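Please read them alongside the coordinates.

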Amino acid sequence: MPTHPLWIAILLSGVGTAALLVVATLAYRRRRSRPYLFVVLAIGTLALRPIVGAGAALGHVPTEHHHTVEHLLDVGIILLLVGAILDMGPAGRTDQDTEEVGP
Amino acid sequence: MSDTRAEIRKAIEREPGIHFSGLVRRLSLGRGQTQHHLGVLVDAGTIERFEYRGRSHLYPTELEGVDYEVIALLRRETTAAIVTEVLEAGAARPATLTERLSIPRSTLEYHLETLEAADLTERKHRSGNAVEIVLTRPAETREALDLVSRSALSAIVDRFERLLDGATSTSN
């Protein structure tokens with residue numbers, strides 16, 4: 001049975017990323033733009049890490065592989081964040097016209 | 001009624017006093033499309049438009065007994081924050097407000113002038129040079145604040161949006 005600190009860490013990261021994912025998903029539902037989607041997917045990938053971690057701790061993921069899996073998830077997160085950044089386009093562009101006088 | 005139009009109506013009912021640009025952003029619609037549907041809703045008498053300080057604020061017609069100007073003001077985040085601080089403290093000194101809200105004195109002055117013009121706050125001169133800000137209509141203001149205050153979750157989502165967009169593209 002794994003040590004308690006490991007479970008506490010997995011629990012905290014699981015709850016934390018799940019909460020972040022909820023906020024990001026709500027923001028994406030409001031905005032429906034691609035940078036938001038990338039950020040949701042990146043946080044979603046981050047949320048997979050505690051799941052893999054728990055799987056490894058319980059013996060469902062072979063111990064020799066779980067580090068590889070987690071580092072590959074990191075690569076996925078990096079790619080998604082780079083995608084979000086590149087998708088923002090050149091300076092000055094936002095995904096809507098900013099404040100101006102209404103109709 | 002078309003789906004988009006129903007969505008627009010629902011969004012305004014959820015956030016009475018939302019301004020046009022805020023609505024466009026909230027629903028991720030085109031400006032022209034939103035304007036068209038709003039026109040129909042206004043003509044039908046479902047939605048009312050209130051022009052205030054360069055923005056068009058939208059209200060469900062069935063909403064009664066609210067001061068459109070007060071709600072429009074409280075929809076602006078910094079203004080609402082100032083009013084909330086003063087409401088909670090009963091009276092607040094300008095220095096306390098700038099410190100608590102991390103805003104420059106000039107920004108505070110600008111918002112106070114707007115609030116004074118709307119007869120929401122006033123300055124009371126205390127002994128010496130001390131000035132305190134108080135609410136002129138606390139009970140009414142609290143009611144209006146309750147109407148515009150959003151759930152803690154949507155306030156967090158607002159901030160998350162601002163993180164990605166940069167501070168320039170949200171209200172205020």
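Predicted model: local features only at pLDDT ≥ 70, side-chain atom pairs only at ≥ 80, totals over all residues.

1. Chain A contains three helices and zero strands, so its pattern along the sequence reads α-α-α.

2. Of the 103 residues in chain A, 31% are buried. The accessible surface of this chain is about 6400 Å², and carbon and sulfur atoms account for 73% of that area. Among contacts in chain A between residues at least 6 apart in sequence, those joining residues at least 24 apart make up 63%.

3. A:Leu79 lies in helix α3 of chain A, which spans residues 63–87. Is A:Leu79 buried or exposed? Its relative accessibility is 59%, so A:Leu79 counts as exposed, the cut-off being over 50%. In general, an α-helix has 3.6 residues a turn, so residues three or four places apart point the same way.

4. In chain B, strands β1 (residues 47–52) and β2 (residues 55–60) pair in the antiparallel sense, over six bridges. B:Pro60 in β2(B) is the bridge partner of B:Ile47. The hairpin of these two strands has two residues between them, and in it B:Arg53 takes a positive phi near 45°.

5. Chain B also has an open sheet of three strands in the order β3-β5-β4, with antiparallel pairing. The edges are taken by β3 (91–92) and β4 (121–125), each with a single partner strand, so one side of each has no neighbour in the sheet. β3(B) is joined by two bridges to β5(B), residues 131–135, and the two run antiparallel. Here B:Ala92 stands opposite B:Ile133 of β5(B).

6. Why is helix α2 of chain B (residues 20–27) described as largely enclosed by the rest of the structure? Because eight of its eight residues are buried.

7. Just after α2(B), B:Ser28 takes a positive phi of about 50°.

Technical notes
Residues numbered from 1 in each chain as written. Chains lettered and ligands numbered in written order. Heavy atoms only, no water. Helix = DSSP H or I, 4+ residues; strand = E, 2+ residues; numbered from the N terminus. Buried < 20%, exposed > 50% of the residue type's maximum accessible area, 1.4 Å probe, protein only. Contact = heavy atoms within 4.5 Å. Areas by Shrake-Rupley, 256 points an atom, 1.4 Å probe, with all protein chains shown as cover. Pairing = 2+ DSSP bridges.
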